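Here are some friendly notes to read alongside the model. Please keep the structure open as you go through the points.

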Amino acid sequence: MITEIGKLFPIEITHRGSSLKQIDYSSFGTNNTIILNELPAISSGLTAELRKYLENGGTLVVVPDSMPDFVSYSQFFTTLGIAPFTSLIMNPEKVEKLMLE
């Protein structure tokens, strides 16, 4: 996943994968971009810390889980002032080519 994201975004990616129980909230400010990759749910504590991070100019990319907890995602997006999604549309289509130039 990190390699694919690096192709899409012109940013230096340092992988600091963490389990939800081991997230170091104090390190958020040292990152230009945080990627939430397929989290099944987003806790209220994580929401609060990410809100602070965004208020300080951070960038957040959210890649939802294929079976997300819609309640926690809705609360997360609402807290950030973003319209929540209520369902996912799963299409079997694949991207064959990206024009990265």
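1. Packing here rests on contacts, meaning heavy atoms within 4.5 Å. The residues concerned are Leu46, Thr47, Leu50 and Tyr53, and because they cover an arc of only 125° around the axis, they sit on the same side of α2. That arc is taken from the directions from the helix axis to the C-beta atoms. Ser44 and Glu55, on the other side of α2, are exposed. Buried means under 20% relative accessible area, exposed over 50%, and partly exposed in between (1.4 Å probe, protein chains only).

2. A word on the basis of these notes: this is a predicted model, in which local features need pLDDT of at least 70 and side-chain atom pairs count only at pLDDT 80 or more, while totals for chains, interfaces and linings use all residues. Residues are numbered from 1 along each chain as its sequence is written, and side-chain values use heavy atoms, with hydrogens and water left out.

3. For the overall layout, the protein has 3 helices and 2 strands, arranged along the sequence as α-β-α-β-α. Helices (H or I, at least four residues) and strands (E, at least two) are DSSP runs, numbered from the N terminus. Of the 101 residues, 21% count as buried. Among contacts with a separation of 6 or more, 47% come from residues 24 or more positions apart.

4. After α2 comes Gly57, with a positive phi near 95°.

5. Which residues touch the most other members of the largest nonpolar core? In this core of 13 residues, they are Ile34, Leu36, Ile42, Leu50 and Phe76. At least two core residues come from each of β1, α2 and α3. A nonpolar core is a set of buried Ala, Val, Leu, Ile, Met, Phe, Trp, Tyr and Cys residues joined through side-chain atoms within 4.5 Å. Leaving aside residues up to four places away in sequence, Phe76 touches Leu36, Ile42, Thr47, Leu50, Leu60 and Val62.

6. The structure holds 2 salt bridges (a side-chain nitrogen of Lys or Arg within 4 Å of a carboxyl oxygen of Asp or Glu). One joins the side chains of Lys52 and Glu49 at 3.3 Å, N to O; these residues are 3 apart in α2, which means a separation of about one helical turn. Lys52 is partly exposed at 46% relative accessible area, as is Glu49 at 21%. Glu55 forms a salt bridge with Arg51, with the closest N and O atoms 3.3 Å apart, and both lie in α2, 4 residues apart. Glu55 is exposed at 57%, whereas Arg51 is partly exposed at 41%.

7. Please also look at Asp65, in the loop between β2 and α3. Asp65 is buried, with a relative accessible area of 18%. Its side chain reaches the backbone nitrogen of Met67 at 3.0 Å. Not counting residues up to four places away in sequence, Asp65 touches Glu38, Leu39, Pro40, Tyr73 and Leu88.

Notes. Polar contact = N/O pair within 3.5 Å; in protein donor to acceptor, adjacent residues only side chain to side chain.
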